[in-house]
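The points proceed from the chain as a whole to helix pairs and then to individual residues.

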Amino acid sequence: MGHSALAAGPDLLTAAVAALVIIAIAGALYTHRFGLSHLLVFMAVGMLTGVDGPLGLPFDNHKLAVTVGNLAVALILFDGGLRTRWPEVRRGLLPAALLATVGVAATACIVAGIAHLALDVSWSEGLLLGAAVSSTDASAVFAQFTASQLKLQPRIAATIEVESAMNDPMAVVLTLGLIAWLSPFGQAHGPAADGMATLLRLLAEQLGYGLLTGVGGGLLAAFWVRRLPVTDDHDGLAALLMAALGLLMFAGTTLLGGSGFLAVYAAGLLVRHHAGRVAQLALPGLNGYTWLAEAVLFLLLGLLVTPHEAWRLAGPALAVALGLMLVARPAAVLLCLAPLGFGWRQQAFVAWSGLRGAVPIVLATYPVLAGMPDGWRFFDVAFVVVLLSLLIQGPTLAPLARRLGVEHADAKDQEQSHRGTETQRE
């Protein structure tokens, strides 16, 4: 059926794609009422369209999924930087930096032990899986906070949002470095020979070039943008301009060997700080672009998944997912935030808000592209981890914030006022 649909012509294919997007968006609007992430709907539609679904469309182009995933996440991070005010960044920079480096490494190590027991893989392969799922996802975090209208205490909100944008470079470096270790060349020369030096060099390049190009490019872009004759009637052009700047920054930084993810977030922050009028003018239109990016990305990821194969790993994947949520992430948060004076309530919420999204699945495709024998197992496990994170952690964030008392004072006052007004009406 899938082949006949593709052979029927471009008009039928266009109609099918448009119908899928409409169904996904309509479903996302309804799931929003229940606190579920709209990303789940896009992924579900992709799965129903894929090889195990009613349409049965075959799709196994992991390289295309990685390319689209990188561009989509870059656009989402640039949008997140444009929406974040500089005082919030300064407030959460230190705890976020610790979580994005030490926290990612600690999470990967703990998940490695869980994967070693649950999946019967070697420690190095377990560490590779841990690295792939160790980073929280900016698109999932930003989307969930927006969907639940959650307003947190400033320090907690800044820590969570900045961490979700900063921890991708560490996860990427660990994943690529471990794939190099596990490749035939790396095994022949022994992973212990210069493995640590290689990882440190990769990390320095990713962070160094990412920060340099992000800060330099962001300042240049802000200097130029604020001198453009942009009026209030140019909101659509401003959004298109910002999207192009973000993608150019990502591609240029990646070509230099740096972290494009870190660069676009830093650039977005600086453009917002130094060219705030144009940046704010672009945000409504840019929001539409990020929705499109998320929709396409999760549709592709849903198409890549083969549910009957993922089901065979349901037990071990569930153990990895629960171990990540209940053991690895809380331990990493305790290690990083306890010395900074965060209370146990704040730590508990930061630990539970470590949502997984597109980035872990995209990183889990790297072993497949590298031709590793068990690469598909890492992809299926990462998919289950993300699915459970969005299903379990996402909808419970707002109730947990109220239970732990980590909401912003203004949000509490508004809620009490709203309750009081409804009581008077009754």
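**Note on the predicted model**

1. The secondary structure of the chain consists of 21 helices and zero strands. The model under discussion is a predicted one, and the remarks below should be read accordingly.

2. On the chain as a whole, 52% of the 426 residues count as buried. Among contacts in the chain with a separation of 6 or more, 82% are between residues 24 or more positions apart.

3. The pairing of H6 with H9 may be considered next. The axes of helix H6 (residues 123-132) and helix H9 (residues 168-182) come within 8 Å of each other and cross at roughly 155°. Helix H6 is therefore roughly antiparallel to H9, since angles over 145 degrees are classed in that way. The crossing of these two helices is left-handed.

4. Which residues make the contact between H6 and H9? On the H6 side they are Ser 124, Glu 125, Leu 127, Leu 128, Ala 131 and Ala 132. Helix H9 contributes Ala 171, Leu 174, Thr 175, Leu 178, Ile 179 and Leu 182. Sorted by class, the contact of H6 with H9 has nine nonpolar, two polar and one charged residues.

5. A further helix pair is formed by H5 (residues 86-118) and H16 (residues 314-337), whose axes come within 8 Å and cross at roughly 145°. Helix H5 passes H16 in a right-handed crossing. The residues of this contact divide into 22 nonpolar, three polar and one charged.

6. Asp 120 deserves a separate remark on backbone geometry. This residue lies in the loop between H5 and H6. The phi angle of Asp 120 is near 55°, a positive value in a residue other than glycine. With a relative accessibility of 67%, Asp 120 counts as exposed, because the cut-off for that class is over 50%.

7. Is Leu 313 buried or exposed? Leu 313 has a relative accessible area of 9% and is therefore buried, the limit for that class being under 20%. The residue lies in the loop between helix H15 (307-312) and H16. Leaving aside residues up to four places away in sequence, Leu 313 touches Leu 119, Trp 376, Arg 377, Asp 380 and Val 381. One of these partners, Val 381, is 68 residues from Leu 313 in sequence, with a C-alpha to C-alpha distance of 7.1 Å.

8. Ala 266 belongs to helix H13 (residues 260-274). Its relative accessible area of 12% means that Ala 266 is buried. The C-alpha atoms of Ala 266 and Gly 214 are separated by 5.2 Å, although the two residues are 52 positions apart along the chain.

9. Finally, Arg 402 is found in helix H20 (residues 375-404). The relative accessible area of Arg 402 is 41%, so this residue is partly exposed.

Notes:
Residues numbered from 1 in each chain as written. Predicted model: local features only at pLDDT ≥ 70, side-chain atom pairs only at ≥ 80, totals over all residues. Heavy atoms only, no water. Axes fitted to C-alpha atoms, helices over the stretch in contact; angles between N-to-C directions. Helix = DSSP H or I, 4+ residues; strand = E, 2+ residues; numbered from the N terminus. Parallel < 35°, antiparallel > 145°, perpendicular 65-115°, else oblique. Left-handed = near helix turned anticlockwise from the far one by under 90°. Contact = heavy atoms within 4.5 Å. Nonpolar A, V, L, I, M, F, W, Y, C, P; charged D, E, K, R; others polar. Buried < 20%, exposed > 50% of the residue type's maximum accessible area, 1.4 Å probe, protein only.
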